[in-house]
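This briefing is intended for a reader meeting the structure for the first time. It sets out the arrangement of the chain by topic.

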Amino acid sequence: MKEEMPTYIGCKMIKAKQMTLGEYRGYRGWDMGKDESTGTEGYLVEYPDSNSNHENHEGYISWSPKEVFESAYLQLEDPTRITLNIVDDFIKPGADSARKGNHTVLFTECKNGFTQVTDSACVDPNNYDSDIGFNLAMGKAKNTVWQGLGFVLAWAKNGLKK
């Protein structure tokens, strides 16, 4: 029977670089296990806010399989801020829009599966322009994503203050 444990969410700022399992095991001076593949893709991960377990690193290091790592972490261009490139990349291509009266309603999906609905409107339906409506609604969607990613970055940098 599986042990029941409480569920947590969290956010950490880490350092990482691509490294196969074989490269990581060699870096640590460890032999490969008989059921392990040296070519398994992954990442060497350093947790700067934890005690070091390797002389070449200030923080605790471990190895993570590529799929696990890439589903949990977003690479930043600058560790101090969220950039427009990050926001643009976080919103999946292919946003759907529809006209509803004098409104453009836009449906966007993010890389984490979150979907959002934004809109824009013109005063006079005779002045409706779908391109303008789409661009204004997309601007709202980007601002929402930017704010959310900023919140996540602040959490990753500062942790939770208890």
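Helix H1 (residues 21-28) lies across E2 and E3 and runs at about 160° to E3; axes here are lines fitted to C-alpha atoms, for helices over the stretch in contact, with angles from 0 to 180 degrees between N-to-C directions. Helices (H or I, at least four residues) and strands (E, at least two) are DSSP runs, numbered from the N terminus. The model is a predicted one, in which local features need pLDDT of at least 70 and side-chain atom pairs count only at pLDDT 80 or more, while totals for chains, interfaces and linings use all residues. Residues are numbered from 1 along each chain as its sequence is written, and side-chain values use heavy atoms, with hydrogens and water left out.

- The buried residues of H1 are Leu 21, Tyr 24, Arg 25 and Arg 28, where buried means under 20% relative accessible area, exposed over 50% and partly exposed in between (1.4 Å probe, protein chains only).
- These residues lie on the same side of H1, because they cover an arc of only 95° around the axis; the arc is that of the directions from the helix axis to the C-beta atoms.
- An α-helix has 3.6 residues a turn, so residues three or four places apart point the same way.
- E2 and E3 are among the elements that cover the buried residues of H1.
- Gly 29 follows H1 and has a positive phi, near 80°.

**The sheet of E1, E2 and E3**

- The strands E1-E2-E3, in that order, form an open sheet of 3 strands with antiparallel pairing; two strands pair if DSSP finds at least two bridges between them.
- Strand E1 (15-18) and strand E3 (60-65) each have a single partner strand and stand at the edges, so one side of each is left without a neighbour in the sheet.
- From one strand to the next, the twist averages 25°.
- E1 and strand E2 (residues 42-47) run antiparallel and are joined by 4 bridges; Gln 18 has Tyr 43 as its bridge partner in E2.
- His 54 is found in the loop between E2 and E3 and is buried, with a relative accessible area of 8%.
- Leaving aside neighbours within four places in sequence, His 54 is in contact (heavy atoms within 4.5 Å) with Tyr 27, Arg 28 and Ile 61.

**Nonpolar cores**

- The largest nonpolar core has 13 residues, and those with the most contacts inside it are Ile 82, Phe 90, Met 138, Val 145 and Leu 149; such a core is a set of buried Ala, Val, Leu, Ile, Met, Phe, Trp, Tyr and Cys residues joined through side-chain atoms within 4.5 Å.
- Helix H3 (84-90) and helix H4 (130-158) are the elements that give two or more residues to this core, and H4 provides the largest share, 6 residues.
- A second, separate core of 6 residues includes Met 19, Leu 44, Ile 61 and Trp 63.
- Apart from neighbours within four places in sequence, Val 145 is in contact with Val 87, Phe 90, Ile 91, Cys 110 and Gln 116.

**The hairpin of E5 and E6**

- E5 and E6 form a hairpin with 5 residues between them, and Gly 113 in the turn has a positive phi of about 90°.
- These two strands, E5 and E6, run antiparallel and are joined by 7 bridges.
- Thr 108 is found in strand E5 (residues 103-109), and its bridge partner in E6 is Gln 116.
- With a relative accessible area of 3%, Thr 108 is buried.

**The chain as a whole**

- The protein chain has 4 helices and 6 strands, which run β-α-β-β-α-α-β-β-β-α from the N terminus on.
- The radius of gyration of the protein chain is 22 Å, well over the 15 Å that the globule rule gives for 162 residues, so the chain is more spread out than a compact globule; this radius is taken over C-alpha atoms, and the rule is 2.2 Å times the number of residues to the power 0.38.
- Along its principal axes, the C-alpha trace of the protein chain spans about 70 × 40 × 35 Å.
- Buried residues make up 28% of the 162 residues in the protein chain.
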